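I opened this notebook to record what I looked up in one structure. The entries follow the order in which I consulted it.

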Amino acid sequence: MGEVHAYDEIPLLQQLREIEEADRQRKGTVWTAVAHIITGVIGAGVLSLGWSMAQLGWIAGPLAMVLFASITYISSVLLCYCHATPHPVLGSFRNRSYIQAVDANLGRKNARVCGLFVQVGLYGVAIAYTITSGISMRAIQKSNCYHKEGHQAACNFGDTYYMLAFGLVEIVLSQIPDFHNIQWLSTVAAIMSFGYAFIGFALGVAKVIGNGFAKGSIQGISTSTTAQKVWLVSQALGDVAFAYPYSLILIEIQDTLKSPTPKNEADMKKASTIAICVTTFFNMLCGGFGYAAFGDDTPGNLLTGFGFYEPYWLVDIANACIVIHLIGGYQVYCQPLFANVEKWVSENFSETGFIRKDFKLKLPLLPAIQLNVFKLCFRTFFVASTTDVH
């Protein structure tokens, strides 16, 4: 006897209704999938790749980027095939989340264990995005201070209020119903990621031209001990590896595609190919020119680490782009978490009135918004926890 999966325990008519509802929601294309991937992958970490290149050198650095890009591509292609699962009556059905794909292929027990790690991972990303947003907003204030008071001035500021402001914005955006409704946000965030990555690259090029030569070496930064070199290289490889994967949200992104199975597998592979190539291109540019500009003195982050002070207004624009990108990226990673938790709650507490109670909110000059009491409370609490955890 084969193991019974969650989908098999749902009555057939309910399965058909869920499939029909899901099909109505799907409006995604290859390009919206590319936007989702780029929003999830190209983060502020691209600006730290110059430091990683400084540890690895001119040969190992680019090779590491190509290696991890290749690994990400292969794993993404394999994961694409897990989106659809054969069904004895329905023919096949789409797995709407990473956890549902694990359930369908590996069973309920493995899905529960995997689900725990997935939720913890997504929660960690939300915290990291909140912290990084605060650092970037503080960097704008510091940039203006350095411009006014001089580069040696003690421009020390806190970032607590900035993180709170970020949290307030996310509380509002977290009321977006689901992953299918954030395409516009991902598109804006992807454009912002191109913006600050290009600014970082352009500032690096200008610095190299100003120096008159490209700094750096084949072996990277020299250290006093072998152990120290091994530690720095390990950190650098970790940074490069972290700059690529998006497996936790790949199934959710693929589920937004309106194309039917198996065409959506080809569309998702195409989107992954485009996104990974674009990501690698920007990683190479920012990492390479960041290292060429500063050599062994490459900062941990080209913008917030103040490798560049002037033109201060351009640094401010780049950091503002980072913040806007993080606002969208937060939702790209948190919407799957919201969906997983809310699905579990609705399945286990379906008779509770609080779970199913909806209401309409009417704001001046805006159309009425349909909200759910449980979702409003849970998502607000979640965002508050990622903001207050610091």
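Predicted model: local features only at pLDDT ≥ 70, side-chain atom pairs only at ≥ 80, totals over all residues.

**Entry 1. Salt bridges**

I first asked how many salt bridges the structure holds. The count is six. I then looked up three of them in turn.

**Entry 2. Arg138 and Asp159**

I found that the side chains of Arg138 and Asp159 form a salt bridge, with an N to O distance of 3.6 Å. Arg138 belongs to helix H5 (residues 108–149), whereas Asp159 sits in the loop between H5 and helix H6 (160–173), so this pair ties together parts that are 21 residues apart in sequence. Asp159, at 15%, is buried, because buried means under 20% relative accessible area.

**Entry 3. Lys263 and Asp267**

I next turned to a pair within a single helix. Lys263 and Asp267 are both in helix H10 (residues 263–294), where they lie four residues apart, about one turn of the helix. Their closest N and O atoms are 3.2 Å apart, and the two residues form a salt bridge. Is Asp267 buried or exposed? I noted a relative accessible area of 12% for Asp267, so this residue is buried. Lys263 is partly exposed, its relative accessible area being 48%.

**Entry 4. Lys343 and Glu347**

I looked up another pair, this one in helix H11 (residues 312–348). Lys343 and Glu347 are separated by about one helical turn, because they are four residues apart in H11. Their side chains meet in a salt bridge at 2.6 Å, N to O. Lys343 has 41% relative accessibility and so counts as partly exposed.

**Entry 5. Helix H7**

I then compared the length of helix H7 with expectation. H7 comprises 29 residues (183–211), and at 1.5 Å a residue these should span 42 Å. Which residue follows H7? It is Gly212, and its phi is positive, near 90°.

**Entry 6. Nonpolar surface patch**

Finally, I looked up a nonpolar patch on the surface. Trp58, Ile59, Leu63 and Ile218 make this patch, which covers about 410 Å². I followed one of its members, Leu63, to helix H3 (residues 49–80). Leu63 counts as exposed because its relative accessibility is 56%, and the cut-off for exposed is over 50%.

How values were computed:
Residues numbered from 1 in each chain as written. Heavy atoms only, no water. Helix = DSSP H or I, 4+ residues; strand = E, 2+ residues; numbered from the N terminus. Expected span 1.5 Å × (residues − 1). Patch = residues over 30% accessible without salt bridge, like charges linked within 9 Å, V, L, I, M, F, W, Y side chains within 5 Å. Areas by Shrake-Rupley, 256 points an atom, 1.4 Å probe, with all protein chains shown as cover. Salt bridge = Lys/Arg side-chain N within 4 Å of Asp/Glu carboxyl O. Buried < 20%, exposed > 50% of the residue type's maximum accessible area, 1.4 Å probe, protein only.
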